[in-house]
Amino acid sequence: MRKRFSVFAAFFTSLCAVCAFLLLALVLGGMTGCSPVGHTVSPPPLPTVEPSGQPSAEPSPTPPDGPTLAPEPSRDVLTSEAVTPPPAQPTPSPAPTAAQPSEGTPGNKFYAVLTGSEPFYSTDTSQSMTINELGRAVSSDSGITVKVLKFTCADLDGDGAPEAILWLQVNENDAYGFEVLRRQQNGQIDGYTLPYGSFMDLKTDGTFSFSSGAADSGFGSISFSDKAYTIKETTYSQSAYDSNNELTVSYFVNGQTASEAEYLAAVEKQNGKESALWYDFTTENIASSTVALWRNF
């Protein structure tokens, strides 16, 4: 009897120990958040540190059945993503500007005179004046109005350097005449005033027509001195009255006596030459056209 009691007491003691152990495991598991006994808990994966600039490729996970959802960015690990920069915008070309003559060139000197920033010397008045004072070169009457309508450039005297020719309007008369601006060796710009009848139909080669009457006309060129100009009559007709008071007309071609037919043929050839191109007298045209014309010389 005593032996059975000893066996029972030992069994009961072992059972109590097991129960106490299980109870202690349950209590500890609830406090630490561990899984219940009988479930295997895998330790959390250690973060992998990758070398800078050499990210390792990760295997693509097998997509589950159903629609694929885009993965949310991780809140714990900062990742470097390649960002494609926007395409570079083309740099706009600068707006074109009006070309101006280089400093110290004949074109630059003429540009300054034509724009009124520098004076020229009038051979008609022996005075210096600006373009805005052209009325003084035309007349001593301060009541007249002089305006430059157009301008062009041509080598009038054949010396290889161009002159600037201004088409003048005087008191609304468009056929009054012209002002020729010529650059002297010392750099001074001289002005010469020509009446309309002495300087018509200018050609690109510097020749022009003149007329003082129906039977007194022709074409030729011009030469300049420091104080005056001279019209060189190359081909022309000339009228005169003879002793019987009858009108006679003589013809000359290249300075030599010619027949009327030879004269008319020479005039027709002159008329077929290219006429000079005239520009409206504006600051923009002076800046752009003057340079282009000067480059031809």
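Ser126 is partly exposed, with a relative accessible area of 49%. Here buried means under 20% relative accessible area, exposed means over 50%, and partly exposed lies in between (1.4 Å probe, protein chains only). Ser126 sits in the loop between strand E1 (120-122) and strand E2 (127-129). Its phi is near 55°, a positive value in a residue other than glycine. Most residues other than glycine have a negative phi.

This is a predicted model, in which local features need pLDDT of at least 70, side-chain atom pairs count only at pLDDT 80 or more, and totals for chains, interfaces and linings use all residues. Residues are numbered from 1 along each chain as its sequence is written, and side-chain values use heavy atoms, with hydrogens and water left out. Helices (H or I, at least four residues) and strands (E, at least two) are DSSP runs, numbered from the N terminus.

Now turn to strand E4, residues 163-170. E4 is mostly covered, with seven of its eight residues buried. E3 pairs with E4 in the antiparallel sense over eight bridges; two strands pair if DSSP finds at least two bridges between them. In this pairing Thr152 stands opposite Ile165 of E4. Six bridges join E4 to strand E5 (residues 173-183), and these two also run antiparallel. Leu168 has Gly177 in E5 as its bridge partner.

E4 and E5 form a hairpin with two residues between them. Asn171 in the turn has a positive phi of about 50°. Glu172, in the loop between E4 and E5, has a positive phi of about 70° although it is not a glycine. Glu172 is exposed, at 65% relative accessible area.

Leaving aside neighbours within four places in sequence, Gln169 is in contact (heavy atoms within 4.5 Å) with Thr145, Val146, Lys147, Leu149 and Asp174.

Next comes the nonpolar interior. A nonpolar core is a set of buried Ala, Val, Leu, Ile, Met, Phe, Trp, Tyr and Cys residues joined through side-chain atoms within 4.5 Å. The largest such core has 22 residues, of which Phe120, Ile131, Leu134, Leu166 and Leu181 touch the most other members. The elements that give two or more residues to this core are helix H2 (106-114), helix H3 (135-138), strand E3 (146-154), E4 and helix H5 (283-294). Leaving aside neighbours within four places in sequence, Ile131 is in contact with Val113, Leu114, Phe120, Val148, Leu166, Leu181 and Phe281. A second, separate core of 13 residues includes Ala154, Val180, Leu202 and Phe224.

Charged pairs come next. The whole structure holds eight salt bridges, each a side-chain nitrogen of Lys or Arg within 4 Å of a carboxyl oxygen of Asp or Glu. One joins Glu118 to Lys109, with the closest N and O atoms 2.8 Å apart. Glu118 is partly exposed at 29%, and Lys109 is partly exposed at 27%. Glu133 and Arg136 also meet through their side chains (3.3 Å, N to O).

Asp157 forms a salt bridge with Arg182, the closest N and O atoms being 3.0 Å apart. This pair links distant parts of the chain: Asp157 is in the loop between E3 and E4, Arg182 is in strand E5, and they are 25 residues apart. Asp157 is partly exposed at 22%, whereas Arg182 is buried at 12%. Salt bridges that share partners join Asp157, Asp159, Glu163 and Arg182 into one network.

E7 and strand E8 (residues 216-224) pair over five bridges, and Gly213 stands opposite Asp216 in E8.
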